[in-house]
Amino acid sequence: MSEMIRLSVFRYDPEKGGKPSMQAFEVPLLNSGMKLLDALNYIKWELDGSLTYRRSCGEGICGSDGLNINGVNGLACITPIVGLKQPIHVRPLPSMHVIRDLVVDMDHFFDQYRQIQPWLQTKTPVPEHERLQSPEDRARLDGSYECVLCGCCSTSCPSWWWNGDRFLGPAALLHANRWIVDSRDGATGERLDQVEDAFRLYRCHQIMNCMEACPKELNPTAAINHIKRKLLARKS
């Protein structure tokens, strides 16, 4: 008989009314490499088809299945079942409006991402082929372009919980820094102007939950500090 895995999963259906609750499930350990997403898929396909959650690539690339797993944010598709304390408590990302079960409203998160204008802005003529970078300039983008916008970092940040309407949060600021350090971009001054604000940038208090929560092992705190140093250097 297969080993059974115990889970406690957040359930909430606003169309049916009532309060949110945790529902217990048991699923078989399918293999030694089983991930949390495999367990959620088993619940949906074999036990309760009404369970609602986001999923897509299943490889940690799309960032769609960010969840709170035993109190820590992470991606279900790359989180191994083996080693997690049972019952495994699975909840939606914290400080987000829950649409249903494990699905949260990401509109505000992506609106903040759009505010940093995450695209290349140049003031020089378009080259015949492409805008080249030196290997050294390209290496400066490491640690930021890998972000998959899962929201695990921003939703683990107390400053974002308390001031999410004004503080851009770790994910948006990580991407802001990605364009500030890009040697091909010509809008560094405008980008610094856009984030220079007591709330938008400086509400980061170096708690570093974002770094602990990032499933790609990125360091938004370091990116935020780099922006602060750029602003300080601009004033001196």
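Good morning. Between them, domain 1 and domain 2 bury about 1,100 Å², and 65% of that lies on carbon and sulfur atoms; buried area here is the accessible area (1.4 Å probe) that two parts lose on being put together, summed over both. On the side of domain 1, Asn73, Ser95 and Met96 lose the most area to domain 2, together 38% of what that side buries.

This is a predicted model, in which local features need pLDDT of at least 70 and side-chain atom pairs count only at pLDDT 80 or more, while totals for chains, interfaces and linings use all residues. Residues are numbered from 1 along each chain as its sequence is written, and side-chain values use heavy atoms, with hydrogens and water left out.

The domain assignment of the protein chain places domain 1 at 4-104 and domain 2 at 106-235; such bounds come from an automatic or database assignment. Their contact (heavy atoms within 4.5 Å) takes 15 residues from domain 1 and 14 residues from domain 2.

Across this interface the rule finds 0 salt bridges, a salt bridge being a side-chain nitrogen of Lys or Arg within 4 Å of a carboxyl oxygen of Asp or Glu.

I turn now to histidine 97. At 55% relative accessibility, histidine 97 counts as exposed, since buried means under 20% relative accessible area, exposed over 50%, and partly exposed in between (1.4 Å probe, protein chains only). Apart from neighbours within four places in sequence, histidine 97 is in contact with Val103, Val104 and Asp105. Histidine 97 and glycine 151 are 54 residues apart in sequence, and their C-alpha atoms are 13 Å apart in space.
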